[in-house]
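Visitor: Could you take me through this structure by way of a few questions?
Guide: Gladly; let us look at it together.

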Amino acid sequence: MLILGIESSCDDAAASVIETTRPGKATVRSSAVANQDDIHRAYGGVVPELASRNHVITIVPVIERAVAEAGCRLADIEGIAVTRGPGLVGSLLVGLMCAKGLAQATGLPMVSVNHIEGHLLAPLLEHEIAMPYLALVVSGGHTALFAVDDFGRYRRRGNTRDDAAGEAFDKVAKLMGLGYPGGKVIDDLARRGNRRRVKIPRARVRGAPMDFSFSGVKTSVATYLRSDAGAATGPEDLAASFQEAVVDMLIRPTIGAARELGVDTIALTGGVAANLRLRARLSEAGANEGLRVVAPSLRYCTDNAAMIALAGSWRLLRGERDDLGIDAEASLAL
Ligand code: KG4
Ligand code: ZN
């Protein structure tokens, strides 16, 4: 079955064609993304109104690109999967309306997908992973632990109580004057820094060992930057110390959840999964526990439509379709 995936929940418009014969097993024929970082950089974060306006301009070309790069025509597509939420409602609406229009015009079945389900299943695009597995979703909007028991059966085991980890990277980069988005810049700088130079407290959520909290780490960096020592510390050392604190705070609950669930695989996913130090440390911590740690390639860690196509595919393969009356939902629960 050839499936067209459409994703526009935040600032990236994406489309992808995957080929699949059974749930969770797919070949990515194309994965196109229209990235808006250059548009939002000047504001230090995503401006929702600008994001949706730009989606209106790029969504059709990005779908055309995905279909062309897959070496097929629209007439070859057999089903459509589209993100319905959670995300920015104006952004979501652009992709969803486009998918509905296509489904209406072609008669193709359309299913809607929860964006988080896309991230949870993204590791399956490149790896054979037996369920159940534990997924750590770390992005600019989410930091959560889910047990992936089966297709459509996900249990949230932990969540952030305040900021997402990616948000902490972006806010600290802004404080340090490093630009937006901040994750990649901090990752690069940190490689040349001393991780022990600046003492940053590791927050734990009392009574909830699988939950996360990242607002304190950002405040620590802000306070340090205003101090005399802060003025004398190189950005490499501060970046490395901050990043190490975030990585520590992600690893402890993750290993705890894996132990509790008795799974043998941890899947790392979402934009922050691109972080080299997090990948290395989690692999090491997992190996110490006899656990396999898998992470998608960079292009499937950040927002993309191949993961949306995959997340919709198991329902399309069963012959399911959604009513074209469905609406976008900014806070759609999984
Ligand atoms: O999944 P994603 O593309 O979009 C959301 O759904 O949020 O994730 C974007 C987030 C941003 O906060 C960005 O700073 C962070 O992922 N990020 C990184 C790295 N690359 C991207 N954070 C840490 N290290 C990286 N190498
Ligand atoms: Zn995402």
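Visitor: In which loop is Pro-132 found?
Guide: The model is a predicted one, and in it a cis peptide bond joins Met-131 and Pro-132, with omega at about 5°. As for its place in the chain, Pro-132 is found in the loop between α4 (115-121) and β6 (133-138).

Visitor: Which residue is joined to Pro-86 by a cis peptide bond?
Guide: Pro-86 has its place in the loop between β4 (79-85) and α3 (89-106). The cis peptide bond there has an omega of about -10°, and the residue that it joins to Pro-86 is Gly-85.

Visitor: How much of the accessible area of ligand 1 does the protein cover?
Guide: The space that ligand 1 takes is the largest pocket, and the shell around the ligand divides into 4 nonpolar, 10 polar and 4 charged residues. On its own, ligand 1 has 550 Å² of accessible area, of which the protein covers 87%.

Visitor: Which elements give two or more residues to the shell around ligand 1?
Guide: Gly-183 and Asp-187, both listed among the closest residues to the ligand, lie in the range 183-190, which is helix α6.

Visitor: What kind of aromatic pair do Phe-169 and Phe-242 form?
Guide: The structure holds 3 aromatic pairs, and this one links distant parts of the chain, with Phe-169 in helix α5 and Phe-242 in helix α9 (residues 235-261), 73 residues apart. The ring centres are 5.2 Å apart. Because an angle over 60 degrees between the planes sets the class, the 80° found here makes the pair edge-to-face.

Methods: Residues are numbered from 1 along each chain as its sequence is written. Chains are lettered from A and ligands numbered from 1 in the order in which they are written. This is a predicted model: local features need pLDDT of at least 70, side-chain atom pairs count only at pLDDT 80 or more; totals for chains, interfaces and linings use all residues. Side-chain values use heavy atoms; hydrogens and water are left out. A residue is near a molecule or strand if one of its heavy atoms lies within 4 Å of it. Accessible areas come from the Shrake-Rupley method with a 1.4 Å probe; for residues, only the protein chains shown count as cover. On a 1 Å grid over the protein atoms alone, a cavity is a set of points where a 1.4 Å probe fits but cannot get out, and a pocket is an open set with protein on both sides within 12 Å along at least five of seven lines; lining residues have an atom within 4 Å of a point. A molecule sits in a cavity or pocket if more than half of its atoms lie within 2 Å of its grid points. Helices (H or I, at least four residues) and strands (E, at least two) are DSSP runs, numbered from the N terminus. Ala, Val, Leu, Ile, Met, Phe, Trp, Tyr, Cys and Pro count as nonpolar, Asp, Glu, Lys and Arg as charged, and the others, Gly among them, as polar. Rings of Phe, Tyr and Trp (its six-membered ring) pair if their centres lie within 6.5 Å; planes under 30 degrees apart count as stacked, over 60 as edge-to-face and the rest as tilted.
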